Amino acid sequence: AADRANKVMAATKLVVPSERKLLREGLEDMALAEGFARTLCNVLYGFGSGEGDQEEGMRRRFERYAEALKDLKVPKWSVASYFLFMRFPEEHLLLRPTFVRRAATSFRFELRYKAELNWLTYARLMELGRLILKETEDLGAKDMFDVQSFIWRITR
């Protein structure tokens with residue numbers, strides 16, 4: 001799972017090279033790689049989702065995933081949001097802090113951004129994504145890939 005994660009991340013340029021390198025180096029430790037693999041599968045596919053309502057279960061899974069990234073010494077938003085964005089582009093958005101914060105300002109949206117990984121910022125990111133998707137549907141936007149492209153275009 002760790003090897004596959006590295007390959008998937010290397011296949012795009014959505015995460016900066018220094019952060020990809022931190023993940024790759026962190027995953028060289030087998031114990032950390034195992035913890036990462038478990039929490040990544042959990043956050044992506046909801047194993048153990050009998051944790052209350054759907055949003056509460058997602059919050060708990062995301063928080064465990066964020067802890068695994070901290071253990072790997074790569075607690076970066078782009079890494080934390082990358083796999084969810086790639087697997088579920090209809091719902092999840094990639095959080096590149098500079099671009100997303102500018103977009104939130106443009107839409108007068110309170111992102112509640114904090115540099116450390118946390119559920120509130122991530123939940124607000126998903127709300128921002130839904131807002132931008134709704135606002136850009138008339139331009140042909142269909143999913144968060146389109147929203148991501150729109151964000152990059154308006155914030156560069």
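User: Is Thr-155 buried or exposed?
Analyst: Thr-155 counts as buried, because its relative accessibility is 5% and buried means under 20% relative accessible area (exposed is over 50%, partly exposed in between, with a 1.4 Å probe and protein chains only). This is a predicted model, where local features need pLDDT of at least 70 and side-chain atom pairs count only at pLDDT 80 or more, while totals for chains, interfaces and linings use all residues. Residues are numbered from 1 along each chain as its sequence is written, and side-chain values use heavy atoms, leaving out hydrogens and water.

User: Where is Thr-155 found?
Analyst: In helix H8, residues 144-155. Helices here are DSSP runs (H or I, at least four residues), numbered from the N terminus.

User: And what does Thr-155 contact?
Analyst: Leaving aside neighbours within four places in sequence, Thr-155 is in contact with Phe-99, Arg-102 and Ala-103; contact means heavy atoms within 4.5 Å. The Thr-155 side chain also reaches the backbone oxygen of Ile-151 at 2.6 Å.

User: New topic: where is Asp-143?
Analyst: Asp-143 sits in the loop between helix H7 (119-136) and H8. A polar atom of its side chain lies 3.0 Å from the backbone nitrogen of Phe-145.

User: What else does Asp-143 touch?
Analyst: Not counting residues up to four places away in sequence, Asp-143 touches Pro-89, Glu-90 and Leu-133.

User: OK, Leu-69 now. Buried or exposed?
Analyst: Leu-69 is buried, with a relative accessible area of 0%. You'll find Leu-69 in helix H4, residues 54-71.

User: Which residues does Leu-69 touch?
Analyst: Setting aside residues up to four places away in sequence, Leu-69 touches Phe-36, Val-74, Pro-75, Val-79, Ala-80 and Leu-117.

User: Last one: how do the axes of H3 and H5 cross?
Analyst: The axes of H3 (residues 30-45) and H5 (residues 77-87) come within 10 Å and cross at roughly 45°. That makes H3 oblique to H5, since angles under 35 degrees count as roughly parallel, over 145 as roughly antiparallel, 65 to 115 as roughly perpendicular and the rest as oblique. An axis is a line fitted to C-alpha atoms, for helices over the stretch in contact, and angles run from 0 to 180 degrees between N-to-C directions.

User: Which residues meet there?
Analyst: From H3, Phe-36, Leu-40, Val-43, Leu-44 and Tyr-45 meet Phe-83, Leu-84 and Arg-87 in H5.

Terms used:
Helices (H or I, at least four residues) and strands (E, at least two) are DSSP runs, numbered from the N terminus. A polar contact is a pair of N or O atoms within 3.5 Å; within protein, one must be able to donate a hydrogen and the other to accept it, and residues adjacent in sequence count only if both atoms are side-chain atoms.
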